[in-house]
Amino acid sequence: MGQDLQEQIRTRAYQIWIDEGQPEGADLRHWLQAADELAGEDTHETFQELIDEDDREDEVKRRDPPADRQATSSPAPVVEITTGREPARRKVRKTEGP
């Protein structure tokens, strides 16, 4: 990486830091965001724009569930609860836990 490119990244990362209100502990994120922007790999001007876009996508998903989920509701998974006095009706294939 050339010295000139490092200076450009440093300058852009500093500007991002200023724009976000000078938060502590975000230097690596700012550096990587600046490097992505200068490489032309980032379509968002700021990290906040990325967060806002994600929030809008989440809102659309909550408001408009996929058509296949609207038409039919998926059946509840079959769970067999036993007391241990009698064997389970179905063979347990895999268990989870400690």
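Which side chain meets that of Arg62 in a salt bridge? In this predicted model, where local features need pLDDT of at least 70 and side-chain atom pairs count only at pLDDT 80 or more, totals for chains, interfaces and linings use all residues. Residues are numbered from 1 along each chain as its sequence is written, and side-chain values use heavy atoms, with hydrogens and water left out.

The partner of Arg62 is Glu59, at 3.1 Å from N to O; a salt bridge is a side-chain nitrogen of Lys or Arg within 4 Å of a carboxyl oxygen of Asp or Glu. Both residues lie in helix H3, three residues apart, about one turn of the helix (helices, H or I, of at least four residues, are DSSP runs numbered from the N terminus). Arg62 is exposed, with a relative accessible area of 60%, whereas Glu59 is partly exposed at 37% (buried means under 20% relative accessible area, exposed over 50%, partly exposed in between, with a 1.4 Å probe and protein chains only).

The structure holds four salt bridges. Among them, Glu7 and Arg10 meet at 2.8 Å, N to O, and both lie in helix H1, three residues apart. Another joins Glu20 and Arg29 at 3.0 Å, N to O.

One aromatic pair is found in a search of the whole structure. Tyr14 and Trp17 form this pair, which is tilted, at 5.7 Å centre to centre and 45° between the planes (rings of Phe, Tyr and Trp, the last by its six-membered ring, pair if their centres lie within 6.5 Å; planes under 30 degrees apart count as stacked, over 60 as edge-to-face and the rest as tilted). Trp17 is partly exposed, at 28% relative accessibility.

Key:
Helix = DSSP H or I, 4+ residues; strand = E, 2+ residues; numbered from the N terminus.
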